[in-house]
Every structure is written in C-alpha cells, then in structure tokens.
Amino acid sequence: MEKNLECLICGDILSPKEKSEYCSKCLLGLSFELKDEDLEKIRENLKSILDSFGSDIRAAFTKDPAARSVVEVLTAYPGIHAVLLHRVAHFFYEIGLPFVPRYISHIARQITGIEIHPGAKIGKDFFIDHGSGTVIGETAEIGDNVTIYQDVTLGGTSLSPGKRHPTLGKNVVVGAGAKLLGPIKIGDNVKVGANSVVTIDVPPNSVVVGVPGRIVAREGKKIPQIDLYHGDLPDPIIEMIKSMQRKIEDLELEVQELKKNNGTGE
C-alpha cells in the first residue's frame with residue numbers, strides 16, 4: 001500500500017493529483033476573505049495613509065537641508081519612496097491580504113535599497129536619509145518624528161513569531177550603520193550614535209554609543225527634535241581609556257614621590 005505524502009509545511013495529506021511536496025494552500029497562500037467588521041479598519045488605514053503622506057513630505061524639508069522642491073523630494077529621495085510604498089503595503093497587510101504586501105515591499109527594496117517589512121508600524125514625520133541598506137523588521141514599531149540614516153537595522157534576535165524587533169519612541173535619531181536588535185524599547189528623545197549596536201532598553205532623553213551600546217548621560221537635557229549631529233557623540237571606550245591613563249600618570253607620580261622620600265629615587 002502506497003504511503004500518503006504530507007505537505008512539508010502544514011502536514012496536511014497531499015492529494016495523489018498533487019505532484020509537489022507542498023499542498024496548494026501553502027504553495028499559493030492566496031486565500032483571503034474580507035469581513036464586514038474590517039471595513040471600518042480599512043477606512044481608518046486609508047485615512048492614516050493620506051494623513052501620513054503630507055507629514056512624510058514635510059519631514060524631508062525639515063530634516064534635510066538639501067531638499068529644494070516637492071518634485072525633487074518625490075522623484076529623487078529613496079527614503080520617501082520606501083516609506084510611501086510601505087504605508088500602502090502595510091494597509092494590505094493589516095486587512096490580511098496575502099502575497100501582495102510582501103511583493104510591494106520587495107519592489108520597494110529593489111527600487112530603493114531599503115527593506116521594510118509590511119508588518120512594521122511607522123508613525124508620522126518619519127524620514128530615512130539616504131537609506132541604502134536600511135532594514136526594518138516585521139514587529140518593529142516607530143513613533144512620530146523619527147529620523148534614521150543609511151545602513152540602520154531594526155532587527156530581531158529570535159525565531160519566535162511574537163514581538164522580536166525594537167520599539168522606538170518619539171523624536172528619536174538613529175545614526176548611520178547603527179544596529180538595534182531584539183524587542184528592546186528606545187524611549188522618547190533618544191539619539192543613537194553611528195555604528196552603535198544596541199541590545200538593551202534605552203530610557204528617554206538619552207544618548208547611546210559604542211559596541212555594545214552604552215548609555216551616556218545627558219544631565220536630563222532633551223535632544224532637539226531635529227538634530228543632524230548624530231556623529232558628534234562621546235565615545236565611552238575612549239573616555240575610559242583616558243581615565244585609566246590619568247590614573248596611571250597619577251600612580252607614576254606617587255611612586256616617584258615615594259622613591260624620593262625613601263632616598264631611592266633616580
């Protein structure tokens with residue numbers, strides 16, 4: 001008796017007519033049913049897209065001094081293209097439409113070099129400057145008035161399907177090349193230095209730099225909403241080395257004084 005074959009993904013028994021190792025449901029994944037209660041969500045999401053469109057365009061002018069005209073921003077800013085396409089993809093993702101959201105995000109990646117999963121939640125006034133190499137994961141959440149630069153990763157550290165990507169508060173600046181990993185929370189008014197690797201929660205009104213990321217005190221001063229000086233940040237490693245060097249110099253002076261007092265100094 002011939003053994004029934006199972007789908008390699010869901011485990012359902014395959015029909016003898018199916019020549020693939022996957023059932024048609026898993027192979028295509030195109031089942032979709034729009035419920036009546038989803039209509040209100042659709043209206044809300046469409047309104048959100050329209051509201052965010054204007055704020056995204058304004059963000060380019062307020063956060064990039066090189067922006068000259070609306071035509072230039074709409075045609076020559078990959079960060080704007082990626083965000084606008086993401087908002088459309090997220091709309092389809094929210095109503096449960098299969099395949100289309102991921103395909104839109106894939107097209108956006110090909111055009112812009114920026115990869116944003118359609119499941120990511122992004123607030124208003126969001127701006128990606130330059131953007132090439134930027135990756136934003138499925139469960140990432142980004143608040144209003146956030147700016148990130150090229151090669152930033154909001155990535156996950158787990159294979160579990162739950163929350164596994166960072167949550168960013170409002171008025172956050174993430175410098176070029178920074179990696180924020182795991183379901184961490186970045187508070188409001190936080191600045192993350194270029195090339196930092198952050199794997200811990202960051203309280204509001206803080207600065208994070210280094211690998212791994214270290215929180216540098218700012219004496220309670222809030223970070224300005226528009227702050228392009230993300231590269232001009234303190235380096236805690238350098239500061240530690242300087243501190244050790246000063247202590248060594250002090251110890252050398254003490255040793256010299258002791259030698260002189262004992263009559264053995266050179």
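Where is N171 found? In this predicted model, N171 sits in the loop that runs between β8 (167-168) and β9 (173-174). Take a look at its backbone: N171 has a positive phi of about 60°, although it is not a glycine. Its relative accessibility is 14%, so N171 counts as buried, the cut-off being under 20%.

With a relative accessible area of 10%, N145 is buried. To put these angles in context, most residues other than glycine have a negative phi.

Because its relative accessibility is 6%, T147 counts as buried. The side chain of T147 also has a partner: a polar contact of 3.0 Å joins it to the side chain of K63.

Next, follow the chain to the loop between β14 (207-209) and β15 (214-216), where you will find P212. The peptide bond joining V211 and P212 is cis, with omega at about -5°. For background, most peptide bonds are trans.

Finally, turn to helix α6, which spans residues 236-261 and contains D250. D250 has a relative accessible area of 44%, so it is partly exposed, falling between the 20% and 50% cut-offs. On the surface, D250 gathers with E249, E252 and E254 in a patch of negative charge.

How values were computed:
Residues are numbered from 1 along each chain as its sequence is written. This is a predicted model: local features need pLDDT of at least 70, side-chain atom pairs count only at pLDDT 80 or more; totals for chains, interfaces and linings use all residues. Side-chain values use heavy atoms; hydrogens and water are left out. Patches are made of residues with over 30% relative accessible area and no salt bridge: like charges are joined within 9 Å, nonpolar side chains (Val, Leu, Ile, Met, Phe, Trp, Tyr) within 5 Å. Accessible areas come from the Shrake-Rupley method with a 1.4 Å probe; for residues, only the protein chains shown count as cover. A salt bridge is a side-chain nitrogen of Lys or Arg within 4 Å of a carboxyl oxygen of Asp or Glu. Lys and Arg count as positive and Asp and Glu as negative; His and the chain ends are not counted. The place of a charge is taken as NZ of Lys, CZ of Arg, CG of Asp or CD of Glu. Helices (H or I, at least four residues) and strands (E, at least two) are DSSP runs, numbered from the N terminus. Buried means under 20% relative accessible area, exposed over 50%, partly exposed in between (1.4 Å probe, protein chains only). A polar contact is a pair of N or O atoms within 3.5 Å; within protein, one must be able to donate a hydrogen and the other to accept it, and residues adjacent in sequence count only if both atoms are side-chain atoms.
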